[in-house]
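This report concerns one protein model. Please examine the sequence and the structure shown below before reading on.

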Amino acid sequence: MAASNQPESIDPPNLNTLESQVETESPGRTSFKKRIAFAKRKVTTKDGWFGDYDYAWLCIPALPFSAKASRKQPPFYSLDADLPLALAISSGLQHALAMLAGLITPPIIFASSLNLDSTTSAYMISASLIGCGILSLVQISRTPLFYGYYLGMGLISVVGTSFATLSTASAIFDAMYQDGTCTSTVDSDGTAVRNACPDAYGKVLGTSLICSFLEMFLAFIPPRVLKRIFPPLVTGTVVLLIGASLIGSSGVPNWGGGSNNCQTAPTGIYALCPTTLAPRPLPWGSPEFIGLGFLSFISIVLTEMFGSPFLKNISIIVGLAVGCIVAGATGYIDGSSISSAPPITFLWVHTFKIGVYPPAILPMLAVYVSLAMEAIGDITASAECSRVDVRGIEFDSRVQGGVLSDGIGGFLSALFTVTPLSIFAQNNGVIAMTRCANRSAGRWCCAFLILFGVLGKISGVFLAIPNPVIGGVTTFLFASVVVSGIRVLALMQFTRRDRFVLAAAMSFGIGDLLVPKIFTELFNGVNNPNSGLQGLFNSITIILSTPFLAAGIVAVIMNLVLPQEKDAEEEKESDVESSIGERKEEVTS
């Protein structure tokens, strides 16, 4: 093929070269006929379907103990290049599968926290996938609005429920069970077992809906101002603690058998994990559970070592598949969720009573600020992988459009019965591996996500995955979030001031992470507070009990209050420029 080892780009197609051009017709009619001819060529010719892409390079694994064959890398396909249909479909499928584990994890954890039935849980997974597909199309499109503003960033980036939302919502659910909004049943041994509480999910949806306007407002603030308020020192700390808290609250507990009450081995149905009603219940931390989780974990590692580029892009799904095959063969899978799931489903098949939980307003506002911070970093990373300049007016407009789409997505996702959907950057590895940043692949990815959501049985399959398998995979997934935070912090040139700010933030974040209940009794000494004051106390408790929120607030305040050291700003600007250059070289290589 014509590709070389040097970076090579495929430019957008020139429609004027098509034979269907009719010069005597009106411009509008001529443009329409050219597009029809272009589409016809794409679906009726071999070149339109396959082009000259090296599909063998995409599928051949790296065999152990053998010299890797020297193969020419395929060309790089830019945002609007003429992309062969087969490559667009295969790249879109890789993007969808690479994102799948991160997209289904939050609704599974939400349903487990609220003890919802399998039918409702399966619907939540389907609604999440459909909502992700629809709102990802908005992000990819980059629609012009007014006065130079845009909706969407115009790059391949799949949206999903942020792990920041997952961590905060879990704290909000805990508060609801503690204050009586949701009820619990006390067993004979004194263990409180949570009753199903779908209204709690509806209150989180309603609260996130009204709080989404904050991120819409932030979209119209110049990106340079947002970056000054939320520098990498703040964003890196927040991302690191999001991943760390989820490893401890969800990943490792599920690896041991379940993140519910079965960890403490009470009497009743939670005496064994996941419950005594499971096909093969065992005590939490049993070697069988640890082995299942480790099998999924090591499958991810082996796929990264020896898999083809295609398999490396979907290594998380490979880990889930291997774990499920072994779990099914040994009798750990309960197929009732598959049989009860409908063949076809869509949004609003199941609804939740929308409400507002006042103590959750302040935490959700903080979450939307965090989502805006994450969006700026994710857009920058996506632009670098897509070989788009990360400086200048055009890039600023991409940041503005992406943050605005994030805010509107938070509003619409609540109407879709889904928690706030925001930009993910997990699919950047697919762009770098396949050398395809084309938006056509992104549109195919959205189509696959919507298809996975509409096919209800697929959600039933996801829900049937045993907890240890989910734990082994999500522990790796959450650990990658931690590494992303470390990466952001590593790009900084630490001054004494930066170390001081980071130490102050980590004092709250790590302390809260290691001793989760330190702030839960903070306001117990206040006698007979009215409902408004009690709601404020609950809000503060939720914020202080969420490690990344507490650390993020401390980091922002300290960063704004402490004066900059002499020449520190100039050093930081130089460091950022050199870091951007290094990351561009990494992407190119």
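## Basis and overall composition

The model is predicted: local features need pLDDT of at least 70 and side-chain atom pairs pLDDT 80 or more, whereas totals for chains, interfaces and linings use all residues. Residues are numbered from 1 along each chain as its sequence is written, and side-chain values use heavy atoms, without hydrogens or water.

The protein chain contains 23 helices and eight strands (DSSP runs of H or I, at least four residues, and of E, at least two, numbered from the N terminus). Of its 589 residues, 51% are buried (under 20% relative accessible area; exposed is over 50% and partly exposed lies in between, with a 1.4 Å probe and protein chains only).

## Helix 7

Helix 7 spans residues 198-218 and reaches 31 Å from first to last C-alpha, close to the expected 30 Å (1.5 Å times one less than the number of residues). A kink of about 30° is centred on Ile 210, the bend being the angle between axes fitted to the seven residues ending at a residue and the seven starting there.

## A buried serine

Ser 296 lies in helix 10, residues 287-306. Ser 296 counts as buried because its relative accessibility is 0%. Leaving aside residues up to four places away in sequence, Ser 296 touches Gly 319, Gly 323, Val 469 and Val 473 (heavy atoms within 4.5 Å).

## A residue in a loop

Leu 145 is located in the loop between strand 3 (143-144) and strand 4 (150-151). Its relative accessibility is 41%, so Leu 145 counts as partly exposed.
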